[in-house]
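Dear colleague,

I am handing over the structure below, and my notes on it follow directly after. Please read them alongside the coordinates.

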Amino acid sequence: MKFFIDTANTSQIKELVAYNIISGVTTNPSLMAKEGISGTKNCHQRYIDICKLVDGPVSAEVISTDCEGMLAEAYELAELHPNIVIKIPMIKEGIKAIYELNQKGIKTNCTLIFSTNQALLAAKAGATYVSPFIGRLDDINVDGMELIKSIRTVYDNYNFDTNILAASIRHEEHVIKCAEYGADYATVPYALLDKLFDHPLTTKGLDIFLADHAKLNP
Ligand code: E4P
């Protein structure tokens, strides 16, 4: 399973890219707003900045809700950098747009996936990635992890090459289960990725090793 970082913050990306564990970036309009980025020009500049930091797919989300508008945005975004992936919401018009973009060889990430049927439709349209939102399902007392398991089964049954990009990941157990259930990618917020490095017994064990070494090597 490959890790993407779920942020529009370039400092966070820069920091974690240095560990060579990040294969790409996902953004969304809320993450852009969190960084205070507004206006098409500034959004485009941020996508370019992110693409310069990471050698991998960078999802940039459209804000139109009609196919024509999505396509117009998508063509502009795709021109920014070869690694841009067009993030399209899972709505009827979005499915039309994904089909058109796939025909033109433009990669897409179908976002806001909450059911296996939605993931099936997105794969049929030719989405490169689907983003099932685990945490937001958990929020309404539905087990988000079951969705990953179910999509994996369906995609494997029919040899779809659409990638499962698990999103809305909130805690360490989500990351483990995504890997166990065969998600191709997990997009993880900075704070959680940072936490994955640590275990209290690692810290304690290393302290003991270094103290024991220091005793004999003053
Ligand atoms: C990523 O593609 C999604 O937009 C993101 O993971 C959503 O996460 P959230 O539910 O924590 O906002």
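Lys14 counts as exposed because its relative accessibility is 54%, where exposed means over 50% relative accessible area, buried under 20% and partly exposed in between, computed with a 1.4 Å probe and with protein chains only. Lys14 lies in helix 1, residues 10-17, and its C-alpha atom is separated by 8.2 Å from that of Val54, which is 40 residues apart from Lys14 along the chain.

Please bear in mind that this is a predicted model, in which local features need pLDDT of at least 70 and side-chain atom pairs count only at pLDDT 80 or more, whereas totals for chains, interfaces and linings use all residues. Residues are numbered from 1 along each chain as its sequence is written, and side-chain values use heavy atoms, with hydrogens and water left out.

As for the chain overall, 46% of its 218 residues count as buried, and its C-alpha atoms fill a box of roughly 70 × 40 × 30 Å along the principal axes. The chain has 11 helices and 8 strands, these being DSSP runs numbered from the N terminus (helices H or I, at least four residues; strands E, at least two).

Arg152, found in helix 8 (residues 144-157), counts as buried because its relative accessibility is 15%. The side chain of Arg152 makes a polar contact with the side chain of Asp184 at 3.1 Å, a polar contact being a pair of N or O atoms within 3.5 Å; within protein, one must be able to donate a hydrogen and the other to accept it, and residues adjacent in sequence count only if both atoms are side-chain atoms.

Turning to the ligand, the residues that surround it are Asp6, Thr26, Asn28, Lys87, Phe133, Arg136, Ala167, Ser168, Arg170 and Thr187, where a residue is near a molecule if one of its heavy atoms lies within 4 Å of it. This shell divides into 2 nonpolar, 4 polar and 4 charged residues, with Ala, Val, Leu, Ile, Met, Phe, Trp, Tyr, Cys and Pro counted as nonpolar, Asp, Glu, Lys and Arg as charged, and the others, Gly among them, as polar.

A polar side-chain atom of Asp6 lies 2.6 Å from an oxygen atom of the ligand, and a side-chain N or O atom of Lys87 is 2.6 Å from a ligand oxygen atom. For Asn28, the distance from a side-chain N or O atom to an oxygen atom of the ligand is 2.7 Å. The protein covers 83% of the 340 Å² of accessible area that the ligand has on its own, by the Shrake-Rupley method with a 1.4 Å probe.

Best regards
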